[in-house]
Amino acid sequence: MIKLKLSSFVAISALVGTCLSSSVLQSEVKSVDRTPRSILYGVSYYDEYTPVDRIDEDFRLMKEANITVVRIAESTWGTLEPQPGVFNFSHVDRMLSAAQRYGIKVIVGTPTYAIPTWLAREHPDVLVTRPDGQAKFGYRQNMDITNPHYRAAAKRVIEALIAHVAKHPTVIGYQVDNETKPYNTAGPNVQAAFVKSLQQKWGSLDKLNQAWGLDYWSNRVNRWEDFPSTIGTMNASVKNAFAEFQRDLVTEFLGWQAQLVRKHAREDQFITQNFDMGWLKTSYGIQPEVNHWKAAQPLDVAGMDIYHPTQDDLTGAEIAFGGDLARSLKGGANYYVIETEAQGWVQWTPYPGQLRLQAFSHLASGANMVAYWHWATTANAVETYWRGLLTQDYQPNEVYQAAKGIGADIKRLSPKLADLKKSNEVAIYVSNRAQSAFDSFKLPGNIEYNQVMRPFYDALYRRNIEADVISPDGNPDLSKYKMIVVPALYSATDEEIARLNAFAEAGGHLVYTFKSGFSDENTEVRYASQPGAIAKAAGVTYQLFTEPKEVKVGSQPYGLSGKDLEARWWMEFLTPTTAQVIARFEHHSWPDYAAITRNSYGKGEVTYIGFMPSDALIEGVLTDTAKRAGVAWPEAARFPLIVRSGTLTNGNQVRYLLNYSREKQTVPRDLVNGTDLVTGKQAASTIGPWGVEILESTR
């Protein structure tokens, strides 16, 4: 049994208008493994949206395309419950019957992320109040997930739907809600709950005022009754504590839904959720509004939505990062890609070969399901131009034909490729707390945490140094890694930093970047020489920092020159104490300060990077560190030839060779080893444009 320990428990209990016992914050996750031992290939499908009655034709085409699973229902509350307590499951029944006829499995979603019109009319308070006012009806995810009227209606539809479908043989699992977030809920009810959580945590206002610096600008709170709304605060400590509280609301909400579903589900049915990533034009970094590690606890399997560029912008980095992130949410377990694009937005129409490359790239990271949003494209509404496998004519096209071939290969190879296990020696260390704190003080140019973190992951990706994405909230075992990269750990507890330093002292290689260790968990700057508790381990200190202008790094480290040595966004004036200087800044007035250092610490090493380097320089530092750490990786291969490895259930090694370019690539000689599972032939010495090879070899 997993218990979600929320400091805001009392506050949440008040919010939802019921005396929530601790059992509501629990989810009966037993030791039973409910997930299928195969790779699922799927689409989202909605009979409610189709222009004509063509359900048999759709499922026939799915079957021909080797689709093995469909996701239904999560978008259609207004159809499932047209009036309060009046249910119409006819569309659900039609889809389940068709799926059974064609031998396709079904994942049923709880339909709670888009509220029906009658709920907004009867209870206008259901619409979320954000800092800029109350939401209007029309958009999805416009509700307050803590509102008691919303919760009552959601409970009713969830229980009715799950009870209705649970015994159907095609239903293999459930998705709770959809891309859940707190939706910036900040109304008076949420503010009151936040204050109650603070009373429970802090007890004393004196302690809180001191930790948060509330004497500044007369923000001091002298009575709990006077605690102001967070909406107008300029204090980062307040903002970040409230952001963490909002993330806890999501954790509680998904745990609550999972418990409702499990009450009616069969023992062999799983529960998942389609988490989405932080967004920068596409899926990009860690989600600032949800603590995925906590929110995933009541789930049987983690699910992720991964959207990425295509055409000449397709690099596979978003696919790899999303997969490495999803895998970490359940301690390294396989995960589901519940949504990814087939065609998607206009600019995402894939080149021939790319859909196949993308699908196998997900499997190369350990995915046990790849599913497209969605089967066919809607005829109207906001996603008219977000295209599925089929467009509005619902006829097979070249993307569908590509999916058909992918499905055939997955069907044939699933027994061998399912349940891929990864054992990486490198990790990227991320933190929601550090993210919120960092983003309260964005870098010049409005640069956010994810924009600092991702270039460090991407540098490893380009060099084929595979990395897990770990968080302190996932309680990772640091000792299993040889190298850990810690970008911008701006806010962290003393204990957290001590664990990282101990990793290096025990023999690990640790890479800290600028703006790490600066503040504690309350976003209070440490009263110490910076970088605080990192200073001794890194062997450096600094007092001054600035935005670099016309600043370069000297000595041409790693053979780089020109723009590759320019400092960007931020620079700290590092003074070594015990550290070796790898590179210094070049500047007419600041020529003596260190830019990159390395310090022997115990049995290991700590590298500190005091500025934001170019992508090429990041790659140089991390590659050098990996070599010093004794990390094993295919050094002869680098982007656009991507190599992703793992262990099959039969104990053999597998390497996915992925060509992310429109040019033929030569495979390094030491990788031309094993049988290509796609062709059944020995490994080839070249791989074609946007090509894939899956090589199995014995140890």
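The residues lining the largest cavity divide into six nonpolar, five polar and no charged. In this count Ala, Val, Leu, Ile, Met, Phe, Trp, Tyr, Cys and Pro are nonpolar, Asp, Glu, Lys and Arg are charged, and the others, Gly among them, are polar. The lining is made of S44, Y45, Y46, Y49, T50, H374, W375, A376, T377, T378 and Y394. A cavity is a set of points, on a 1 Å grid over the protein atoms alone, where a 1.4 Å probe fits but cannot get out, and lining residues have an atom within 4 Å of a point. The largest cavity holds about 80 Å³ of space, and there are four cavities of 30 Å³ or more. Grid points are joined across faces, edges and corners, and the volume is the space filled by probe spheres set on the points.

The model is predicted, so local features need pLDDT of at least 70 and side-chain atom pairs count only at pLDDT 80 or more, while totals for chains, interfaces and linings use all residues. Residues are numbered from 1 along each chain as its sequence is written, and side-chain values use heavy atoms, with hydrogens and water left out.

One of the lining residues, H374, also takes part in a cis peptide bond, the one from W373 to H374, with omega near -5°. H374 lies in the loop between β15 (367–373) and α13 (398–417). Helices (H or I, at least four residues) and strands (E, at least two) are DSSP runs, numbered from the N terminus. The loop between β15 and α13 also holds A381. Phi of A381 is near 80°, a positive value in a residue other than glycine. A381 is exposed, with a relative accessible area of 60%; exposed means over 50%, buried under 20% and partly exposed in between, with a 1.4 Å probe and protein chains only.

Strand β15 belongs to an open sheet of nine strands, in the order β9-β8-β5-β4-β3-β15-β14-β13-β10, with parallel pairing. At the edges stand β9 (270–272) and β10 (274–276); each has a single partner strand, so one side of each is left without a neighbour in the sheet. On average, neighbouring strands of this sheet are turned by 30° against each other, direction ignored. For such angles the axes are lines fitted to C-alpha atoms, for helices over the stretch in contact, and angles run from 0 to 180 degrees between N-to-C directions. Two strands count as paired if DSSP finds at least two bridges between them. At one end of the order, β8 (residues 171–175) and β9 pair in the parallel sense over three bridges, and G173 stands opposite F270 in β9.

G278 stands opposite G285 in β12. This hairpin has one residue between the strands, and K281 takes a positive phi near 75° there.

How far apart are the end C-alpha atoms of helix α11 (residues 317–328)? The distance is 17 Å, which agrees with the 16 Å that its 12 residues should span at 1.5 Å a residue; the expected span is 1.5 Å times one less than the number of residues. Of the 12 residues of α11, 12 are buried, so the helix is largely enclosed by the rest of the structure. Among them are A317, E318, D324 and R327.

The next places are in loops. N446, in the loop between α14 (432–440) and α15 (449–462), has a positive phi of about 65° although it is not a glycine. At 52% relative accessibility, N446 counts as exposed. A506 lies in the loop between α16 (494–505) and β19 (509–513) and is exposed at 61% relative accessibility.

Another open sheet has three strands in the order β21-β23-β28, with antiparallel pairing. Its edge strands, β21 (545–546) and β28 (611–612), each pair on one side only. Strand β23 (residues 568–572) runs antiparallel to β28 and is joined to it by two bridges. The bridge partner of R568 in β28 is M612.

A cis peptide bond also runs from F639 to P640, with omega near 15°. P640 lies in the loop between α18 (615–629) and β29 (641–647).

Technical notes. 1 Å grid on protein atoms, 1.4 Å probe; cavity = no way out; pocket = protein on both sides within 12 Å on 5 of 7 lines; lining within 4 Å.
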